[in-house]
Amino acid sequence: MTKFVILSTIAGIILMRIKDGCVNNFQCRETKHFINRDKKCDGVFDCNDYSDECNEECSSHILSLWTLKIIAWIIGIMAVSFNAFVLLRLIPDPKTAKSSVNKVLRIFISAGDLLTGIYLVMISAFDTVIIGNQYCKSQMEWLSG
């Protein structure tokens with residue numbers, strides 16, 4: 001069976017004949033239009049239903065490699081725990097009632113590192129537990145804010 005597909009281009013409209021089982025093209029899931037096979041899994045959404053990027057073959061995660069996931073969990077948990085410990089020791093210290101510049105800077109640096117650790121744990125949790133393989137479908141919302 002032969003299908004005819006209309007492709008719009010900058011120069012005009014081209015009538016393209018596609019045979020069933022053609023390996024050079026990818027058919028979008030909902031709209032049923034065809035795109036070049038090279039445009040599948042290239043990081044650009046060519047189909048309106050995102051089926052060229054959000055499928056079993058090119059499903060994306062926030063952290064794509066397992067090594068990155070493990071490192072992000074370890075660094076995030078260490079940053080949260082160590083900086084929380086430092087803050088708990090620095091802030092209520094009754095021996096130094098006067099705030100020295102050194103102590104204030106250590107508190108600010110530790111608080112910033114604590115927030116960075118919390119952010120890293122949140123990204124790891126969203127990637128591993130909450131979103132998982134569904135990141136691709138919500139990627140446009142995340143990237144656009």
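**Notebook: patch, lysines and fold**

I began with the surface, where I70, I71, I74, I75, M78 and F82 make a nonpolar patch of about 580 Å². For patches I took residues with over 30% relative accessible area and no salt bridge, joining nonpolar side chains (Val, Leu, Ile, Met, Phe, Trp, Tyr) within 5 Å and like charges within 9 Å. A salt bridge here is a side-chain nitrogen of Lys or Arg within 4 Å of a carboxyl oxygen of Asp or Glu. Areas come from the Shrake-Rupley method with a 1.4 Å probe, and for residues only the protein chains shown count as cover.

A note on the model: it is predicted, so local features need pLDDT of at least 70 and side-chain atom pairs pLDDT 80 or more, while totals for chains, interfaces and linings use all residues. Residues are numbered from 1 along each chain as its sequence is written, and side-chain values use heavy atoms, without hydrogens and water.

Next I looked up I74, which is in helix 1 (residues 66–90). I74 counts as partly exposed because its relative accessibility is 46%; the cut-offs are under 20% for buried and over 50% for exposed, with partly exposed in between.

Then I turned to K103 in helix 2 (residues 101–130). K103 has 8% relative accessibility, so it counts as buried. A polar atom of its side chain lies 3.1 Å from the backbone oxygen of L90.

I also checked K69: its charged end sits over the ring of W66, 4.4 Å from the centre.

Last, the fold: I read β-β-β-β-α-α-α along the sequence, with helices (H or I, at least four residues) and strands (E, at least two) taken as DSSP runs numbered from the N terminus.

Methods:
Buried < 20%, exposed > 50% of the residue type's maximum accessible area, 1.4 Å probe, protein only. Polar contact = N/O pair within 3.5 Å; in protein donor to acceptor, adjacent residues only side chain to side chain. Lys NZ or Arg CZ within 6 Å of the ring centre and 35° of its normal.
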